[in-house]
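I opened the notebook to look through one protein structure, step by step. Here is the structure I worked from.

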Amino acid sequence: MSRIQEAFKKGKAFIPFITCGDPDIQTTAKVVRAAVENGADLIELGIPFSDPTAEGPVIQAANLRALTNGIKTNHIFALVKELRQDITVPLVFMTYANVVFSYGAEKFIGTCKDIGIDGIILPDLPFEEKDEFLPICRKYGVDLISLIAPTSQNRIAMIAKEAEGFLYIVSSLGVTGTRSEITTDLASIISVVRENTDIPCAIGFGISTPEQARKMADLCDGAIVGSAIIKLLAQYGKEAPAYVGAYVKEMKDAIR
């Protein structure tokens with residue numbers, strides 16, 4: 001069993017998303033530690049990309065701030081290596097296929113193994129094309145995490161059967177961002193998932209309040225939050241770690 005799956009054994013998982021290098025790499029390290037100290041069970045680390053097609057305006061802006069500040073993939077690898085001196089929760093990268101390709105897939109995924117990354121999420125990688133990366137991920141013991149969207153329909157069972165690490169259930173059509181209401185019939189999607197795999201699943205996209213997190217966690221094994229955390233980073237900058245920590249505690253308490 002992977003470290004990712006172990007993280008879901010302790011109850012409902014809260015998974016924050018953090019864009020690396022926004023506003024700087026030192027603040028990212030402090031935000032990760034604050035999140036873990038306040039109950040985060042797994043951390044998604046975003047590697048900034050110039051054209052993040054799955055992201056809404058909030059996370060797009062964070063990508064731009066990080067890239068403008070000169071953040072590079074090697075800086076993020078060094079950050080993870082430093083975090084792994086004391087952080088034991090699973091860490092996964094969320095980025096885009098082009099980032100992995102341009103670095104060199106073997107070199108990128110091999111480095112993930114060396115520094116202690118447990119999985120990677122590539123939202124622009126179609127399920128049918130995952131063999132571009134899957135053999136390399138398996139070679140190095142890095143989970144290639146699949147996404148299931150409301151549009152997956154008759155592909156849900158197929159994706160679930162081959163899932164690794166955890167399944168990322170996309171709550172809504174469109175890009176990331178906070179939503180006042182999530183209306184997708186997620187219960188039906190998760191029912192099909194449960195029939196086809198024992199891998200844990202977590203819901204992301206649009207979750208920002210404790211009430212939403214509780215509702216989502218009631219349906220599945222965890223809740224993923226990105227834009228609401230990135231908004232705190234945009235608002236408070238280098239002072240954000242304390243605010244993110246308090247927010248994570250509130251969200252984790254809500255889904256316990």
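My entries follow, one topic at a time.

**Entry 1: the model.** I noted first that this is a predicted model.

**Entry 2: cysteines.** I wanted to know about disulfides. A disulfide is a covalent bond between the sulfur atoms of two cysteines. I searched the whole structure and found 0 disulfides. A disulfide needs the sulfur atoms within 2.5 Å. I then turned to cysteine 137. Its closest cysteine sulfur is in cysteine 112 too, at 7.8 Å, again too far for a bond. I also checked burial. Cysteine 20 has 0% relative accessibility, so it counts as buried. Cysteine 137 is buried as well, with a relative accessible area of 0%.

**Entry 3: helix 3.** I moved on to helix 3, which covers residues 57-68 and has 12 residues. From its first C-alpha to its last, helix 3 reaches 16 Å, close to the 16 Å expected. Which residues of helix 3 are buried? I listed Ile59, Ala62, Asn63 and Ala66. Looking down the axis of helix 3, I saw that the buried residues fall within an arc of 100°, so they line one face of the helix. They pack against strand 1 (13-19) and helix 11 (227-236). On the face turned away from the buried side, I found the exposed residues Pro57, Leu64 and Thr68. Just after helix 3 comes glycine 70, with a positive phi of about 85°.

**Entry 4: the core.** In soluble globular proteins, nonpolar side chains tend to be buried together. I looked up the largest nonpolar core here and noted 93 residues. Phe93, Phe108, Ile120 and Phe166 touch the most other members. Helix 12 (residues 240-255) gives the most to this core, with 6 residues.

**Entry 5: lysine 130.** My last stop was a loop. Lysine 130 sits between strand 4 (119-121) and helix 7 (134-140). Is lysine 130 buried or exposed? I found a relative accessible area of 8%, so lysine 130 is buried. Buried means under 20%. Leaving aside neighbours within four places in sequence, lysine 130 is in contact with Leu125, Leu144 and Glu162.

Key. Residues are numbered from 1 along each chain as its sequence is written. This is a predicted model: local features need pLDDT of at least 70, side-chain atom pairs count only at pLDDT 80 or more; totals for chains, interfaces and linings use all residues. Side-chain values use heavy atoms; hydrogens and water are left out. Buried means under 20% relative accessible area, exposed over 50%, partly exposed in between (1.4 Å probe, protein chains only). Helices (H or I, at least four residues) and strands (E, at least two) are DSSP runs, numbered from the N terminus. The expected span of a helix is 1.5 Å times one less than its number of residues. The arc is that of the directions from the helix axis to the C-beta atoms. Contact means heavy atoms within 4.5 Å. A nonpolar core is a set of buried Ala, Val, Leu, Ile, Met, Phe, Trp, Tyr and Cys residues joined through side-chain atoms within 4.5 Å.
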